[in-house]
Amino acid sequence: MSAKVSPRAASGVQPAIYATVAQLRARYRSGEVSPVDVVQDLFKRVDRYESSLHCFVTQTRDVAMARARAAEAQLREGTASTLTGIPYGLKDVINTAGILTTGQSKILERNIPAEDAAVEARMQTAGGVLMGKLTTYEFAHGGPSWDLPWPPAMNPWKVGYLPGSTSSGPGAAVAAGLLPAAIGTDTGGSIRMPAANCGIVGLKPTYGLVSRGGVLPNTFTFDTCGPMTRTVEDAAIVLGAIAGYDDGDITSVERAPVDYLRDLARGVRGVRIGWVRHWYDGDERCHPDVAPAVEQALKVLADAGAIVEEIRLSDLLVYQDCKTTISITEMFSAYEHEFRTRPQDFGLMFRNKVLAGSLIRAEDYFQALRQRLSLARELTRAFKDYDVLATAGWMTPAEPAQPDQLDKFLRPPNITTPFNIGGQPAMNIPCGFSREGLPLSLQLAAAHFAEALLFRAGHAYQMATDWHTRHPTEGLIQ
Amino acid sequence: MTRSYVKPEPGTQTLKDLPPSTPDEIRRMAAQAGLKLPPPLMDELIKSYPAFEAMVRRLPRARLKFDEPANHCVAIERIERLEK
């Protein structure tokens with residue numbers, strides 16, 4: 001395993017195909033490259049690898065070229081916005097007006113929404129260039145399933161391996177250099193797990209910061225939308241474009257806009273980090289390469305001036321039981337009509353993970369909701385003493401694709417779930433590689449709406465390491 | 001020393017000791033829920049349900065009476081804004 005810190009790549013210039021959002025913004029403004037050229041280059045790369053990676057449900061080439069040409073005009077006229085000309089993809093649970101939005105389900109195989117989701121409207125307003133709708137698990141839950149109308153996405157780091165949980169197409173596409181950014185959704189870790197397994201950055205924002213309006217529901221009270229990028233800086237840029245109040249989302253929170261880049265480079269001197277080791281190296285046993293990589297990552301942050309202390313929270317299984325009871329109940333309610341009228345049209349994995357929700361009693365759901373508040377208060381107490389909590393990003397590196405494993409329902413618990421219970425922002429960042437050469441990840445979380453601090457910590461880590469500059473080769477087959 | 005933020009639950013009562021539901025009981029619960037599943041799908045439910053039942057039965061049951069549920073209400077002005 002290469003978990004030691006390696007010096008940051010000196011060149012600073014990456015091949016255009018792996019240019020970050022920040023680099024593209026600078027190159028567009030200097031005239032070095034144009035949005036149309038970048039979009040064309042990226043689609044050429046999609047053409048080379050899509051047949052093996054399956055990242056896209058729908059490619060939106062016409063939309064992308066029209067938006068790229070509009071971006072060129074804006075750049076010429078000096079009216080460019082935050083994401084002008086930046087290519088991106090949307091997980092296919094996010095509504096797009098006039099563009100197929102399937103939830104990766106036969107249930108919505110021909111669904112063309114009339115309106116954009118709020119998050120897509122914001123990406124478009126910011127000047128982003130939509131390249132396509134990206135592969136997920138059915139309704140962002142359950143899979144991967146091999147009995148859906150579209151195949152599951154695959155991991156670009158190793159042939160035959162999965163990209164991780166439900167924002168799988170976004171994770172694989174960003175890691176493979178098909179897109180510099182994507183929008184995923186996270187209900188129990190679905191942005192952070194594929195970020196971990198694909199070696200990219202994934203942010204689950206504070207619940208209520210980014211609108212869920214027009215996003216197909218998984219679990220109403222946990223669902224969030226967030227950026228998946230290759231750097232923390234890019235995640236900060238994209239979050240700045242998509243965060244904000246929306247009347248159409250009942251849980252949207254009104255707050256003053258935040259410039260997430262302003263304090264990005266302030267470093268972590270004096271930042272108090274609570275290290276939750278027992279979640280991955282106590283209650284549950286992580287893959288043997290994970291713990292040393294996480295500890296080395298915390299050493300990097302400590303060397304940069306952070307104060308790291310080990311803390312204890314409730315066991316992961318306690319969080320998981322609470323979350324899953326709530327999730328399957330809410331999901332069944334969202335898709336109840338279809339379960340009653342055409343249950344055979346759901347994929348095997350979704351069906352088997354959600355159908356049990358029909359048998360959850362009202363008192364069970366409410367006991368879980370009551371426990372949720374108790375656990376959320378536990379996390380809030382911890383964030384009174386610590387600015388950031390740190391733990392593993394995921395328990396394992398990417399795993400081989402093994403179709404339809406019904407016995408993998410509930411174990412092991414997700415190490416990402418606690419921050420869905422609490423609603424706090426949490427971000428996964430690449431922190432090394434396993435002996436097999438698969439990415440490993442550090443998870444950082446902060447108090448509600450403290451995304452700026454999270455970005456500071458993550459950026460400080462990326463400035464001291466170069467894991468985020470490495471790109472897959474082995475799983476990229478044409 | 002590791003600082004702990006875990007507060008003991010007010011009661012340790014759970015439903016863990018109940019016997020697992022039998023296939024017939026699961027069929028009956030599904031019928032009571034109004035589900036009309038084709039036999040292969042009912043077989044799937046019978047296979048998958050025990051894991052979920054065990055999960056639900058691990059939840060603590062003896063909370064303080066004033067322990068509120070999370071996300072149980074929405075401010076009235078937000079509902080009014082939805083109707084604008």
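Helix H9 (residues 316-334) of chain A packs against helix H2 (residues 39-57) of chain B at an angle of about 120°, and their axes are 9 Å apart. H9(A) is therefore oblique to H2(B) (under 35 degrees is roughly parallel, over 145 roughly antiparallel, 65 to 115 roughly perpendicular, and the rest oblique). Axes are lines fitted to C-alpha atoms, for helices over the stretch in contact, and angles run from 0 to 180 degrees between N-to-C directions.

In this pair, Asp321(A), Thr324(A), Thr325(A) and Ile328(A) of H9(A) meet Phe52(B), Met55(B) and Val56(B) of H2(B); contact requires C-beta atoms, placed from the backbone, within 7 Å. By class, this contact of H9(A) with H2(B) has 4 nonpolar, 2 polar and 1 charged residues.

## Model and numbering

The model is predicted: local features need pLDDT of at least 70, side-chain atom pairs count only at pLDDT 80 or more, and totals for chains, interfaces and linings use all residues. Residues are numbered from 1 along each chain as its sequence is written, while chains are lettered from A and ligands numbered from 1 in the order in which they are written.

## Chain A as a whole

Chain A contains 14 helices and 11 strands, taken as DSSP runs (helices H or I, at least four residues; strands E, at least two) numbered from the N terminus. Its C-alpha trace spans about 60 × 55 × 45 Å along the principal axes of chain A.

Among contacts in chain A between residues at least 6 apart in sequence, 80% join residues at least 24 apart.

Methods: Contact = placed C-beta atoms within 7 Å. Nonpolar A, V, L, I, M, F, W, Y, C, P; charged D, E, K, R; others polar.
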